[in-house]
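Please work through each task before reading its solution.

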Amino acid sequence: MSAVNLSNITKKFGDVTAVKELDLKIEEGEFFTFLGPSGCGKTTTLRMIAGFYYPTAGKVKFNDRDMTTVPPEKRNTGMVFQNYALFPHMTVAENVAFGLKVRKLERSKIKEKVKEVLGKVRLEKFIDRQVSQLSGGQQQRVALARALAIEPDILLLDEPLSNLDARLRDEMRTEILRLQRDYGITTIYVTHDQVEALSMSDRIAVFNEGMCQQIGTPTEIYNDPVNDFVAEFIGETNLYNVAYKDNRFHCAALGMEIQVEKPLDERLRNQELKISIRPEAIRVSDEEITGPNALRGKVKIVQFTGAAVHTLIELSKGVQLKVTTLNEGSFTYLQEGVEVVLQLPPEKIRVVPSIRERA
Amino acid sequence: MLNAEKRKTALLLVPIILVLAGYVLYPSIETTIESFQRDGAATLKNYGDFFGSKASSNLEALWNSVYISILSVLFSALIGVPLAFIFNRYDFPGRKFFSGAAIMPIVLPSLVGVMSFMFLYGEAGLVPNAIKDLFNLSKVPFSIGGVSGILLVHAYTMYPYFYMTCSSAINNIDPSLEDAAYNLGSNRWTVFLKVTFPLLTPALVAASLLVFMVSMASFSAPFLLAGGFRVLSLQIYFSKINGNLEMAATQSVILSVVSISFLLFMRWFQNRRDYRMASKGIGAHRSEVSNPFLKWTMVCLGIVAMIILLLPHATLLILSLVPEGTWTWQIYPTTFNLENYILLFKDTSIWDPVRNSLFMAFVASFGCFAFGIITSYALVKRKFIGKNLLDILVMIPWALPATVVGMNLILAFNKPTPFSFGQTLVGTFWILPLAYFVRFIPLVVRSTSAVLEQLDDSIEEAAQNLGAKWFYTFRKIVLPIIMPGVLSGTLLAFVQAVGEFPTSVLLYTLSNRPISIEIMNQLRMFNLGQAAAYGMIQVGLIAIVLFISYKFLGVKSENSM
Ligand SMILES: Nc1ncnc2c1ncn2[C@@H]1O[C@H](COP(=O)(O)OP(=O)(O)OP(=O)(O)O)[C@@H](O)[C@H]1O
Ligand SMILES: [Mg+2]
């Protein structure tokens, strides 16, 4: 087991900067996730940890050892590839045994270890199958078993579930978490699926365009996003530009002063600002609500999704607002076209700097 | 910074570049230099002669080569394309068998094919004489020779290129495209013109270019059938035989220029975005022929076509059973036995050529095997500057006519060079294996590259990630996965080397006389039976190899060209 320390890493491909000045410390035994949209540099970072790319600048350390230019075969990381990368000419057992053979273990030891690991991923029955005769989920498990068998210091998973269907994905999520806890292994998980990231991780790093935007626990990232990109990328949110003057926030779109509980961080004072409020934090009613930040609007679209109801509300000047309420029975659903009253609770509003240019 | 990856790439490239420089580039350069020399002085005289009035036969030969090639493309297309349509679009009894038999010409090496055509349709051929007897004519009604003979042989041996490329293109057309056109109200003819035909165009162009190149390079057919008719590949041979190496070099350069421009044109054409089908996994849809009259006409036509197609093979087999000296003045042979085959094992002078051929083909294909693996690996999996150039250099021996390859080697190795370890190779045993090696490098590189491209990079990375060093990964992971492709290419190189005639006739010596040279000798001595028996050995080998490739290595016949 190792801690991973990336200090000031930059990776360029020609004139494309895939990763820019990344500073990151992953603790021993942690389940750490890289989350971000396509092309933001997640895979590139992971591959620098595995040793397939060397950083253009910066250092990669495992514990205190400098690994920056150590070749991949000497790093003892276990990687699970997006397409599994199973060796097609070998059986399940031979695939899992490969890394052990390279390490020159005794035959009997190898056999024992292969059995043990395949037991852990519940594939004992398939030990002598050719890998081409396995289903997608089973191949996924073989790939995991193969990576785990070498008892790696760090487990690296690059979108391991993206090729599976929804139900299998759920199942494998639990499975991966179980194995990670069992082995207590430092794990780095790459995904662009926010649900996956929020539900599995100890900590998450959110990437955008080669830069790490925020590092934190799932709740920190969801509840206290550091900027509008993070707020919008993780979960749904309502974002409006605000102007800060004399300790007040004026929102032109909503046409009112917004009251916010948390005082503004001094460092943000001179930046372009937005308020962010989650759809589920907004109170809606067809009766009068008193209190700060009350608004009026007209229900435009009601979308029923089972556990929750999403409602799109048009405020006076063509400005829209998303609201999510729990499904508490059919009598609580709003009718399209009716006038409603809304309130944005000041304690739920976050003021974030805007990093995206938007009209 | 020269990191480990770059060092490995460099290490791989060194042998590749040495071999290509020594045995492909250097010989071509020697030929070019020779073409600019006359009596030891640099001059443009040779080219002046070539294009001037002094040796008008050269220009005539160039022109003949071009027009024969164009006609060959036309005739091959006229046979191959309709056959591809009939066999892939209609279903009738025996379809499968007929479509399998339609590719039978590819098991005949060119020299053997021409030989059986002579036996069949030549001046003393079986067919014209049979007709003469049947109708009591005073002369044979027809016989092939000259242009008509060359064209007939070309059409027969080259239509499979059209047949195979069109078949696979037809099978790749998504039937729903045509259905959509019908649905929009087009009739059969418009659908064909506006939908089917444009979709086939890439395949047709590719096949045309290929046939054109192959027939520009064709040597055996003109060699045996041309009579006084001149083509460029043959002119090179005559110049060399007459000792006019400078003119032979000049002719080679001109033929090379034509061929290499075609190679570059083909690369450009194939790299262009073509109409690949977006949908996958569609089977051919064949319409059952229901009209009984039409159905049985088709079957009959199929049978007749089959007989014509297989007649050369049958003739070869029958003639190989005719012992020496039993067929002199009679019109038809009368005695049949296995003597020619038995002699192979009894008479060492008859067995020697077979042994030579097998040994030299083995050495050459082994070289291609090793060199092909390294080269394909470097070309497909490594990044380096000048890759495109290397790729072209590798394909050059494929584009160059065999006669030119032979001439290049003669002009390069008729003196000691570093690449031949200070030896004069011409006149020794080893010049022929070297020629075969050079000729068939592209074959192995292409078939290996095809499988390597299928191999995802992550497979190698996975092995590395599990702790395997590069060489271990290569041995245990990469090699086993690509082996079928490499082997099928190598086997093909082997059989082609066994049947190779043009370089053999330029470079053979008494000690390494291969089968094809012996066939030529036996023909000169009118010992047709023994020549046919040698031919049968080559045909048998090719058939076995194609069967193995198809059955065990999962290679489709159209990939074997
Ligand atoms: N080998 C390479 N050569 C050149 N550019 C590359 C290479 N690998 C990645 N890039 C570029 O670097 C950027 C980051 O790519 P990366 O693969 O890390 O994205 P990602 O976050 O993994 O995206 P995805 O979710 O689509 O997998 C992209 O703009 C990509 O085009
Ligand atoms: Mg990626």
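Lys and Arg count as positive and Asp and Glu as negative, while His and the chain ends are not counted. This is a predicted model, in which local features need pLDDT of at least 70, side-chain atom pairs count only at pLDDT 80 or more, and totals for chains, interfaces and linings use all residues. Residues are numbered from 1 along each chain, chains are lettered from A in the order in which they are written, and side-chain values use heavy atoms, without hydrogens and water.

**Exercise 1.** State how many positive and negative side chains chain A has, and how far apart the centres of the two sets lie.

*Solution.* Each charge is placed at NZ of Lys, CZ of Arg, CG of Asp or CD of Glu. Chain A has 48 positive and 49 negative side chains. The centres of these two sets lie 5 Å apart.

**Exercise 2.** Classify the ring pair of Phe359(B) and Trp430(B).

*Solution.* Rings of Phe, Tyr and Trp (its six-membered ring) pair if their centres lie within 6.5 Å; planes under 30 degrees apart are stacked, over 60 edge-to-face, and the rest tilted. The search over all chains finds 33 aromatic pairs. For Phe359(B) and Trp430(B), the centres are 6.4 Å apart and the planes stand at 65°, so the pair is edge-to-face.

**Exercise 3.** Determine whether Phe359(B) and Trp430(B) are buried, partly exposed or exposed.

*Solution.* Buried means under 20% relative accessible area, exposed over 50%, and partly exposed in between (1.4 Å probe, protein chains only). Phe359(B), at 40%, is therefore partly exposed. Trp430(B), at 46%, is also partly exposed.
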